[in-house]
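Have the sequence and the 3D view open as you read.

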Amino acid sequence: ILFNYQFFNGLLIKSAVFAGYQSGAIISSPMYMAVKIVLSLSAGFLFLLYHRRPLRYLGLGAPAPTVMVWAVCSALWAPDRFATIQAALSYTATFALALGAATFTSLERAIKLHLAAVGVVLIGSYALIVFVPEIGVHQLTDPVAQVHAGDWRGTFDHRSSFGEFMALAFGLFLCFRHTCGSWLSLFGMVATIIGVVMSRSGGALASLLLI
């Protein structure tokens, strides 16, 4: 969530990535890179300090670390190996940080906190889409994504990130419907399905169908 969040990117990158996208150069601000490094080091520290419970959580959610390993290995055949491994390590570090943070509480409470965070992003995304569409919806004036004008992106930089987040959120509301409550989980699933459809992202739709 943190690395895709539009306000976070807007503050630290100031559209530098979009500005350098057409030229093929990925430009990140020093502050953005510093935040990524600090978070990655924090993740490693927490994971080593409280390694027993994170390892148990890894066993409980085996598909997630498998995807992380696959993301890192994909750098072997990617056209831009450096950019791919950098992105893969960022997501892996974020996942490890979440595991480390989960050691400070029970698994049940960690699930509730996670659902609450997802709910905040869901509500925030719909608020931008409805009340501030120039931010929550791709516009013809977008630096690179003009072709996606009209597609929803919510609090994210791109419709694909928004759509994939909605697909993941659908899975969470479905799997933990007893934790959320029947009506709240049903509302969440309907809202996330609408989000996937309106993002018009093929990858997000495929993820939703797979989930």
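Contact here means heavy atoms within 4.5 Å. Keep in mind that this is a predicted model.

1. Let's start in helix 7, which covers residues 107–131 and holds S125. Is S125 buried or exposed? S125 is buried, since its relative accessible area is 0%, and the cut-off for buried is under 20%. Setting aside neighbours within four places in sequence, S125 touches G154, T155, F156 and F162.

2. V130 also sits in helix 7. With 54% relative accessibility, V130 counts as exposed, because the cut-off for exposed is over 50%. Have a look at G154 from here too: V130 and G154 are 24 residues apart in sequence, while their C-alpha atoms are 9.4 Å apart in space.

3. Next, a pair of helices. Helix 9 (residues 159–175) packs with helix 12 (residues 202–210) at an angle of about 10 degrees, and their axes are 8 Å apart. That angle makes helix 9 roughly parallel to helix 12, because angles under 35 degrees count that way. Which residues meet there? From helix 9 come G163, E164, A167 and F170, and from helix 12 come A204, S207 and L208.

4. Last, the surface. W183, L186, V190 and I194 make a nonpolar patch of about 440 Å². One of these, L186, lies in helix 11, residues 182–199. L186 is partly exposed, because its relative accessible area is 40%, which falls between the 20% and 50% cut-offs.

Terms used. Residues numbered from 1 in each chain as written. Predicted model: local features only at pLDDT ≥ 70, side-chain atom pairs only at ≥ 80, totals over all residues. Heavy atoms only, no water. Patch = residues over 30% accessible without salt bridge, like charges linked within 9 Å, V, L, I, M, F, W, Y side chains within 5 Å. Areas by Shrake-Rupley, 256 points an atom, 1.4 Å probe, with all protein chains shown as cover. Salt bridge = Lys/Arg side-chain N within 4 Å of Asp/Glu carboxyl O. Helix = DSSP H or I, 4+ residues; strand = E, 2+ residues; numbered from the N terminus. Buried < 20%, exposed > 50% of the residue type's maximum accessible area, 1.4 Å probe, protein only. Axes fitted to C-alpha atoms, helices over the stretch in contact; angles between N-to-C directions. Parallel < 35°, antiparallel > 145°, perpendicular 65-115°, else oblique.
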